[in-house]
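Reader: Could you walk me through a few local features of this one? I'll ask as we go.

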Amino acid sequence: MEKVQIFWDPKGIELDRLGKKSKSGDPADGDTPYVRMPIRMLGIDTPETSYQGGEATGNNKLNELKTLLETGNYDNWIDPAFKAHILPRLVNAGTRQISQGQQAKAFFKNLLDTRLAKPNGTNRSLFVLAADEHFDHYGRLLAYIAPSFTTTELATVSFDERKTFNLLLLESGWASSIIIYPNLPKNSDLRLARTAVKNAVENDLGAWADPLMLTAYEYRMCIKLYNACKKAKASNGFFVKESDWVQRYCIDITTLKVYNPQHYLQVQPYNRLFIWGNDIRKAVGELNLIAAE
């Protein structure tokens, strides 16, 4: 097995344990309100359940995108390999994406119900490790989450019992890996994530069982590509930019090679690390990246 070449040692921040839900603003005392907040689990991406209008809208747009790509001339700004990859996956893609999203959601709910349950009938709190960059642009807390154990319990629980929900979803195949610089896991966790996704891909687990699967980030990308193609058709391509639908560079974590945004398919799903265009210059220096041939 190839070694992961990326070495990263994030500081992160360990938050107070998150326990039972409470209404926003309920105070513990005069200076300590409890609030709810959405958590975006780091390093994973599950299929969508309602993106951009849901199943019917997704089907309509991506079925039309297939027709546009087959009948229009977009080859000057769409990579042929990318086009060949997505074309067979566009037929009724909304139905498959939403169905897989619902299955991923059900799997995750079952994980929560079973792994947070205590023998005495009560529930464990969540252990939350936030990223160095605490929030995404939607205001969601970026974090790894796992069951919270006491110090005494930690002396006896197994490694499997300590696994984060992030890793378990990757192992199940209901989540794909989406690691985005600079929010990288430490090297040992990156290796675990890679092994989990590689096993899921090679053994057709979860959503990977569908040979026409679009990862969630590909599905969102295709919706944006549909909008870009419609824009191109209306303007003869004059106003279309690649960044209208694909923006992140892709890094192979086993070779440190950098691929242009449309060329991410040259990297196996379990070896992908993504970097926004605004961060690429900094990442090249910090991670010792090299350009792909």
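**A loop and its neighbours**

Author: Let me start with N288, which is found in the loop between α9 (280-287) and β12 (290-291); helices (H or I, at least four residues) and strands (E, at least two) are DSSP runs, numbered from the N terminus. This is a predicted model, in which local features need pLDDT of at least 70 and side-chain atom pairs count only at pLDDT 80 or more, while totals for chains, interfaces and linings use all residues. Residues are numbered from 1 along each chain as its sequence is written, and side-chain values use heavy atoms, with hydrogens and water left out.

Reader: What is phi of N288 near? And is N288 buried or exposed?

Author: Phi of N288 is near 60 degrees, a positive value in a residue other than glycine. N288 is exposed, with a relative accessible area of 56%; buried means under 20% relative accessible area, exposed over 50%, and partly exposed in between, using a 1.4 Å probe and protein chains only.

Reader: And L256, buried or exposed?

Author: L256 is buried, with a relative accessible area of 13%. Its phi is near 70 degrees, again a positive value in a residue other than glycine, and L256 is found in the loop between β9 (248-252) and β10 (257-259).

Reader: Switching to strands, why is β7 largely enclosed by the rest of the structure?

Author: Because seven of the seven residues of strand β7 (residues 141-147) are buried.

Reader: Which strand runs parallel to β7?

Author: Strand β4 (residues 39-41) is parallel to β7 and is joined to it by three bridges, where two strands pair if DSSP finds at least two bridges between them. M41 has A143 of β7 as its bridge partner.

Reader: How do β6 and β7 pair?

Author: Strand β6 (residues 126-135) pairs with β7 in the antiparallel sense over six bridges, and L129 has Y144 of β7 as its bridge partner. The two strands form a hairpin with five residues between them, and G139 in the turn has a positive phi of about 85 degrees.

Reader: Last topic, where is the cis peptide bond?

Author: The peptide bond from Y181 to P182 is cis, with omega near 10 degrees, and P182 lies in the loop between β8 (176-180) and α7 (187-202).
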